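Hi everyone, thanks for coming.

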Amino acid sequence: MVTRDEDSVRSAEDLVEYYFEQAWSDGLPVVLPTQAKIDAVVDALGGDPDFPEATIPPRRGTLTREVLAVNMVMAGCKPEYAPVVRAAMLALCTKQWNLNGVQATTHMAAPLLIVNGPVRNAIGMNAGHNVFGSGNRANATIGRAIRLILLTVGGAIPGDLDKSTLGHPGKYTYCIAENEELSPWAPYHVEHGMAPEDSTVFVIAAEPPHSVVNHVANDAQGVLDSIVSAMSTFAHNNAVASGSCAVVIGPEHAATIAATGFSRLDVRSYLWMNAGNTWGEISFNDRYAGGGKVYNKALPAWYKRETNAHIPIVPTPDDIHLFVAGGAAGRFSAFIPGWGRMTSPVLRKIDGSEPPAGAICADGTCAL
């Protein structure tokens, strides 16, 4: 970053341009990281600016607390966002999440962060109207800080180490909170064995949200059949590479589903049982096999490779990660495909404390 001597001979406008030239930006102007702002974030992280929090692939740069703070300031974060950003980065750097692969893939996957627990309201996150859109500082800058770290520390510069063919807007910022207040079910982190008072981050490598509209159904099956339709295509990565996905149900749809008596498990089970394609569809009926048969090693070995065999979108109901988010008005939901079996989503407590006994977790992190 720029030294204090360099700072003294450049105007603020010149520095912004300098940051563009050094590839220290996501393509948008950054907030200049003054020492006072950096120190405030480091203090929020517990002090010790040289403390190494993580190593960020593919360049394997060291994310010290000071470097984390610099990127947070450049993104426009407040110091109180620091525990969320740190927890998200630690989750992304777990082996099972495979950040190296996500950073370098030609696919469009980006880290989607979903926050649960009291921290959502404490730092003013948006879980309601326009939840995936603009207008909320915490959502926007937390997601942006993650992207800046992936760029500046991980070295994932588009066209260099980041080989994504298309990317998507979530590679600027992709961060929301669950709308626990309007959900008819227990929050996501509670479903996974944590306490309501725990604050958590969930990260999944994801495509953009695929909109689901249904203004007519007055029962669970009707709403869920629309989501099944969105899931049942062989154009997204889950269809051909298995793995995990996310489903975000709008509050109106969630109320309709819950009124039928469906639990979270019922919803995930219904979607898993009914969403999918045939082997013939995803293999193009062996049209491109050169006289042989397409096998597709990316899918689980136990899937039948027979023309009319049902191929689910993901291997089990547990691989569908279900959240309620969005505004109170509007009968919309979203299907969010994942990257495939090359990555596993991670749920982590923000304070890093140990998860409940019996959970398959370590260091406050659960591989899902």
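**Overall shape**

For 368 residues, a compact globule would have a radius of gyration near 21 Å, and the protein agrees, with 21 Å; that radius is taken over C-alpha atoms, and the globule rule is 2.2 Å times the number of residues to the power 0.38. Please keep in mind that this is a predicted model, where local features need pLDDT of at least 70, side-chain atom pairs count only at pLDDT 80 or more, and totals for chains, interfaces and linings use all residues. Residues are numbered from 1 along each chain as its sequence is written, and side-chain values use heavy atoms, leaving out hydrogens and water.

The C-alpha trace spans about 70 × 50 × 40 Å along its principal axes. You can find 14 helices and 14 strands here (DSSP runs numbered from the N terminus: helices are H or I with at least four residues, strands are E with at least two). Buried residues, meaning those under 20% relative accessible area with a 1.4 Å probe and protein chains only, make up 54% of the 368.

Now let's zoom in on one helix. Which residues of α12 are buried? In this helix, residues 251-259, they are Pro251, His253, Ala254, Thr256 and Ile257. Their cover includes β6 (210-213), α10 (220-231) and β7 (245-249), along with α13 (264-274), β10 (320-324) and β11 (332-336). Just after α12 comes Gly261, with a positive phi of about 100°.

Finally, a look at Tyr288, in the loop between α14 (279-282) and β9 (310-312). Tyr288 is exposed (over 50%), at a relative accessible area of 59%.

Terms used:
Contact = heavy atoms within 4.5 Å.
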